[in-house]
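Biologist: I would like to go through this model and ask what stands behind each label. Please set the values against the cut-offs.

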Amino acid sequence: MANLKDIKSRIVSVQNTKKITKAMKMVAAAKVKKAENTVKAGRPFSDELLHLFRKMAATVEEYSTTGLKIERGLDNYPELLTKREVKTEGILVITSNKGLAGAYNANIIKATLKRIKDNSENGIKSVIYPVGQKAVSSFRNKAGDFELRDGYISVANEPTANGANLIAEDIAEDFVSGKIDKIEIITTHFNNMMSYNIVHWEVLPVKVERAGEHELDPIMEYEPSVQGVLQQLVPMYITNSIYQALLEANASELASRMTAMSAASNNAEEMINTLTIDYNKARQWAITQELVEIVSGAAAI
C-alpha cells in the first residue's frame, strides 16, 4: 500500500497543476473571443480587396513601371505578378511563441516538413521563413534540404499590419532579386472555437483570376494612373494576405490552447479524485492495521 505522505504530496502537486491549467484556459478564453472577432472583421476587407484586384486584372492589358518610383521590392509590382520556373520556393511557416496548445504547432511543422520533402523530390530547394518561436526552434534543430532565414518572433503573439508589412517587404525583396521563385504560407484557417484546418496560401507570384464581364463596372477610371494604382494595390494585397494569415493563426492557436487546457484541467480533476480514493483506502488500511495490532497485543497480555 502506498505511503500516505506520498499520496498526499501527489494530490497537492496535481491541485497546483490544475490551478495553472485552469488559469491558462481562462486567459486563452478571454483572448480568443477578441481574436475571433478580429479575424471575422478582416475577412470582408480581404474579399473586397480580391474582388477589386480581379476587376483591375480584367481591364488592364499591360503592366509597366514607366513613370513609377521604385525603392523596394514591393514597389516593383510587374515583377511580383510574373510567374516563372520554380527552382526555389519560400515557405512562410506561422506558429506560436509558446507551447501547451495541444497538437497545434506540431501539425503545422509536420505539414511544412512534408512540403519540404515534396519539393526536394521534385528538385526544388526550400527556404523557410519562420514566424513564432516554435517554428524557429523546430527548424533550427532539424536537418533537411532547406535554408532557414531569420525568424519573426514578435508578430506571432500580436499580429499587426506593420508586422505583416515587414514580412511582405522581406519576401518581396527576395522574390524580385531572384533568390526565390515562389512564396507559400502554411498557416491555419480558424473555423470556430473547436476546430481549425491547415491551409497553404500562395502569395507570390500574385495569382488572381480575371473578373468576368458581368462583374465589371460600366466605367472604371484610375487616378493618377493605372500603373500608379496597381503599385499601391499589389503591395496592399500581399501585406493583407500575410496579415490575415497571422490573424487566422493567432485565433486558431488560442482556441487550441483553450481546448488543451480545458482537457488538462479535467484530467487533473479525475486524477485528484483517483488519488483521493487511494488516500482514503491507504488511511483506512493504516487504521485497520493499528486496531489489529492493539487487539493482538491485548490478547497476548
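Modeller: This is a predicted model. Start with S4 and S5 (residues 195-204), which are joined by 9 bridges and run antiparallel.

Biologist: What makes S4 and S5 a pair?

Modeller: Pairing needs at least two bridges. S4 and S5 have 9 bridges, so they pair. In one of them, Thr187 has Val199 in S5 as its partner. A hairpin of 2 residues links S4 to S5.

Biologist: How do you know that S1 pairs with S4?

Modeller: By the bridge count again. S1 and S4 share 5 bridges, and at least two are needed, so they count as paired. These two strands run parallel. Val93 has Ile186 in S4 as its bridge partner.

Biologist: Why is Glu184 called buried?

Modeller: Glu184 lies in S4 (residues 182-192). Its relative accessible area is 6%, and buried means under 20%, so Glu184 is buried. S4 is mostly covered, with 8 of its 11 residues buried.

Biologist: What makes the Glu184 and His200 pair a polar contact?

Modeller: The side chains of Glu184 and His200 are joined at 3.0 Å. The limit is within 3.5 Å, for N or O atoms that can donate and accept a hydrogen, so the pair qualifies. Leaving out residues up to four places away in sequence, Glu184 also touches others, including Arg115, Trp201 and Glu202.

Biologist: How do you know that the buried residues of H4 are on the same side?

Modeller: Helix H4 (residues 133-140) has Ala135, Val136 and Phe139 as its buried residues. They cover an arc of only 100° around the axis, so they sit on the same side of H4.

Biologist: Which elements do the buried residues of H4 pack against?

Modeller: They pack against strand S1 (88-94), helix H3 (104-121), strand S2 (125-131) and strand S3 (146-148).

Biologist: What makes a set of residues a nonpolar core?

Modeller: The members are buried nonpolar residues joined through side-chain atoms within 4.5 Å. The largest such core has 50 residues, and Val131, Leu204, Ile238 and Ile242 touch the most other members. Helix H7 (residues 226-300) gives the largest share, 9 residues. Beyond four places in sequence, Ile238 is in contact with Leu74, Leu80, Ala168, Val203, Leu204 and Val206.

Biologist: Which residues does the second core include?

Modeller: Val32, Phe190, Ala255 and Met258 are among its 10 residues, and this core is separate. In soluble globular proteins, nonpolar side chains tend to be buried together.

Technical notes:
Residues are numbered from 1 along each chain as its sequence is written. This is a predicted model: local features need pLDDT of at least 70, side-chain atom pairs count only at pLDDT 80 or more; totals for chains, interfaces and linings use all residues. Side-chain values use heavy atoms; hydrogens and water are left out. Helices (H or I, at least four residues) and strands (E, at least two) are DSSP runs, numbered from the N terminus. Buried means under 20% relative accessible area, exposed over 50%, partly exposed in between (1.4 Å probe, protein chains only). Contact means heavy atoms within 4.5 Å. The arc is that of the directions from the helix axis to the C-beta atoms.
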